[in-house]
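Hello,

Here is the structure I promised to send over. Have a look at it first, and then read on for my notes.

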Amino acid sequence: MAGLELLSDQGYRVDGRRAGELRKIQARMGVFAQADGSAYIEQGNTKALAVVYGPHEIRGSRARALPDRALVNCQYSSATFSTGERKRRPHGDRKSCEMGLQLRQTFEAAILTQLHPRSQIDIYVLQADGGTYAACVNAATLAVLDAGIPMRDFVCACSAGFVDGTALADLSHVEEAAGGPQLALALLPASGQIALLEMDARLHEDHLERVLEAAAQAARDVHTLLDRVVRQHVREASILLGD
Amino acid sequence: MLKSKTFLKKTRAGGVMKIVREHYLRDDIGCGAPGCAACGGAHEGPALEPQPQDPASSVCPQPHYLLPDTNVLLHQIVSAWRPGTWASVASSLRLPGSLETYVEQEQGENANDRNDRAIRVAAKWYNEHLKKMSADNQLQVIFITNDRRNKEKAIEEGIPAFTCEEYVKSLTANPELIDRLACLSEEGNEIESGKIIFSEHLPLSKLQQGIKSGTYLQGTFRASRENYLEATVWIHGDNEENKEIILQGLKHLNRAVHEDIVAVELLPKSQWVAPSSVVLHDEGQNEEDVEKEEETERMTAVSEKMLKPTGRVVGIIKRNWRPYCGMLSKSDIKESRRHLFTPADKRIPRIRIETRQASTLEGRRIIVAIDGWPRNSRYPNGHFVRNLGDVGEKETETEVLLLEHDVPHQPFSQAVLSFLPKMPWSITEKDMKNREDLRHLCICSVDPPGCTDIDDALHCRELENGNLEVGVHIADVSHFIRPGNALDQESARRGTTVYLCEKRIDMVPELLSSNLCSLKCDVDRLAFSCIWEMNHNAEILKTKFTKSVINSKASLTYAEAQLRIDSANMNDDITTSLRGLNKLAKILKKRRIEKGALTLSSPEVRFHMDSETHDPIDLQTKELRETNSMVEEFMLLANISVAKKIHEEFSEHALLRKHPAPPPSNYEILVKAARSRNLEIKTDTAKSLAESLDQAESPTFPYLNTLLRILATRCMMQAVYFCSGMDNDFHHYGLASPIYTHFTSPIRRYADVIVHRLLAVAIGADCTYPELTDKHKLADICKNLNFRHKMAQYAQRASVAFHTQLFFKSKGIVSEEAYILFVRKNAIVVLIPKYGLEGTVFFEEKDKPNPQLIYDDEIPSLKIEDTVFHVFDKVKVKIMLDSSNLQHQKIRMSLVEPQIPGISIPTDTSNMDLNGPKKKKMKLGK
């Protein structure tokens, strides 16, 4: 990607956004009748679908049941056609497992699991292209809400990167591929608590604050959007119920 | 903000891949014209002028903005720079991402056509937009393009369009602008004789293929200063053999210009040549003498082992053209508009320019830019850029040498000055954090007379335990220059303060350099101190670094300090402190020399300036006192201590300075020269070199030792800054120290500022920042510093050379004793100790019969008629200023003694043959 200018002198990114601007987000809740909760989200070209089953009795080995809270079980798989080069297996590789684990940590922090001891909540996510973790979390949040499972707060996630001394919010695939530091943040916007923070590249600690702030601001922006989607959904649902 | 469709693109990377990218088109990009109600304040960055000045164009009488297309902008940027005339250029091309002017690539349309169309659409949009803005002032956007088809299309679409030439010609107020246009028009070249001189350059793709397969080599083209038909190419990469390739002859140079990145092809071994030692300058005015030149340069036959890899340029990878300073050589033909321009830098070929103001430009220093070099032309084509002023004027000449050596010398910008501390400035509580109060110590500074940027001060006192405490206090510049701000960036760019004979080009603004950072006496100043506890044998027992506040008790000159040390009846604190320092310094120096540090010599001169006119009135070689070496000794010690400390703390990214040992072949000339005097110089180690230099004395020839040392200096390598993580050889050869850095002059060297920051972090007095611990960034800084440093040195020498000329201009013709430094094939290089002046005496003349010259490379010696010249021979030369060639005024030297009929000139002649031998003042290019 040599010579690719991620941030122009005028402050525009490759796809025409400014540093702090999100990609276009569109979301819908209740896309599957079969599942307890489901949601579909588009963040630019990244599309994720999340379904939630539960809370229900523990399936499989009873030994996995936790005495004081619910078990959150997450599975992530991405469609074979979701990336430029076609993938061999949709799930089960290391990246998918890691992503599943991260999602699980995130939602264990957000769902009031102690309300449902000895039960299980399943979140399945399917996604496509760039900014995957964030889209998955946002989709899963909506799906969990759709399922009516009590949460402390929304979980809103956003990625952020760092180019030429400027923090960029919501990285696209091109920006991710350029190889700069990339930070993933899942935030509980009302309390400002961080559910998950992950970064695996080197970044000087002086810059961390700024990148974190960019990601947090973006996550708060995501929250306003998700909130709007939920309210819209509730309004539609109540109309259907003939209220 | 509105989001639009995504577009698809197919690329090949191994297999076929489909890439989907989205593109957001914006509706919030303003037009940039102030007062535009439709866009509001949406526009950021440079704005258009509210009311474009009227450049009085006859083709477009109403006020207008110009919208040049990309090619025009790129090629004519130099002319566009000139303020006032082109300022109305539309400041930014409207971004292709904006909603109204987005253009989709059409089927069968290539990227260039698409761009052209995008610019046309933008021009159209601007015209409609500006019409909406205000009905009464008829603002218009004029589209400037040199592409005929593009222009036709534009006019079809109703956009007023002109070619660059048409527009500039129509500017009635500025007729001289037409000269500045880069001549790209094809018609210009058709006039040339159809004869093709050069072979074609290969296209880049072929070159890259060739470089990959090893048939071609990539390197930096360096023209020779002394012979315009010769050049070397430094091959990039680590390949040890064929590091340097010689190119000879115009055809093989193939239009490469100094500093270009070129691809060369090696010639078969049978065609290899040796570097010629002939000094040759391009003086020919006409174009036909190419063939003749080719012949003359072939005739040099040389021994086998002198042959070096020889090649020819097959293509140019990257041109490194910049605007060049120089003078116009007016064409002989009257009314001619084509003239040759001779750059001040001898390595740059002459440039053909077209101008109507030749008569006004004659005798002026001007700047010219190269536009291109067609295959059928002997010289490159260029255009006139700027007039600097009259030749020989001090300001003009100083400007020229600053420009030629790429020394940034513009006044500091507002942005830079805004980071200066506000006056009146005083030390606050916050400043005192992490700082030791050393105001009670008896500190003094010792500097050359007239020094205003005092960056070091010293003290020495006896401790209760009988040991001595010695402190070196360095101005705390890094306290004022915070990392990353404009002030820091500017000083990093400048890299060093440049001292010219009558002028100083500061690295940091004057407020810092001569006031807040200068450790003047009787004021509180912030300092970075390095304090040692030593015993009386000058052995270091303890080293401490701390940020401090000091109050210098005296600012002395070297002479004053010496006087205090020497006079018996002065016993105040400062004097005892100085005596203690002096005593320790002597021990330190002795120890250093024992370790093999070199004492080298270079003839340095100082001008006594007339205080009114700033003309040099006298010239003296620098005097060295004990106190000079006293200060130097402690600075060295501080530098070494700091180098150890920062390397200990930051093994990967300490900024250090190294001086590599020269390869043995460098010493050849020194050893040979010494042997001709029956002396032996050992060069296997620095220590043996130092010792044999000490022993090389001749009772009948006291100056010989100095000459040998001067020669030894020429053999040395350049000391360089480097980042410790990028190199593993830290040795400083000249100082015989395993590790070294620069810490003691942060006011005038940027390297020291970085070292200060590193040290401050190491002792916990300051915090680090990302760039400081990035070794690649540090290596980049080092690269720039090394370059600036070298350039500053060259500029300094050029300034001395110019003032020497001024000096001899006022002095007339003098005869002086001189010693031969080098013997060349057709000349000798001599040094005049009295003035520290070096010059070349030529024995070949153009219009006179050549004397018989026999050059022996082994001794080396040059036999002319019956007289033999060896290195170090004493001769007498006549020095005068040669103003016959306005191009380069130079000091001319001609031989007086020993007398050779037909060569030397009688001592008392007054009618000089000013058109005779071309003598030039050598630059001390090392």
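A definition to start with: a residue counts as buried under 20% relative accessible area, as exposed over 50%, and as partly exposed in between (1.4 Å probe, protein chains only). This is a predicted model, in which local features need pLDDT of at least 70 and side-chain atom pairs count only at pLDDT 80 or more, while totals for chains, interfaces and linings use all residues. Residues are numbered from 1 along each chain as its sequence is written, chains are lettered from A and ligands numbered from 1 in the order in which they are written, and side-chain values use heavy atoms, with hydrogens and water left out.

Two backbone spots in chain B first. Most residues other than glycine have a negative phi. B:Arg255, however, has a positive phi near 65°. B:Arg255 sits in the loop between helix 9 (250–253) and strand 9 (261–266) of chain B, and counts as buried because its relative accessibility is 6%. Helices here are DSSP runs (H or I, at least four residues), as are strands (E, at least two), numbered from the N terminus. B:Asp406 also has a positive phi, near 55°. Its loop runs between helix 12 (394–404) and helix 13 (414–417) of chain B, and with a relative accessible area of 41% B:Asp406 is partly exposed.

Next, strand 23 (residues 540–557) of chain B, which pairs in parallel with strand 16 (residues 435–437) through 3 bridges; two strands pair if DSSP finds at least two bridges between them. Strands 22 and 23 of chain B form a hairpin with 5 residues between them, and B:Ala538 in the turn has a positive phi of about 60°.

Chain B also has an open, parallel sheet of 3 strands in the order 3-4-5. Strand 3 (64–68) and strand 5 (161–162) are at its edges with a single partner strand each, so one side of each has no neighbour in the sheet. Strands 3 and 4 (the latter residues 140–144) share 5 bridges, and B:Tyr65 has B:Val141 as its bridge partner.

Finally, chain A has an average pLDDT (the predictor's confidence in each residue, from 0 to 100) of 83, with 93% of the residues scoring at least 70.

Best wishes
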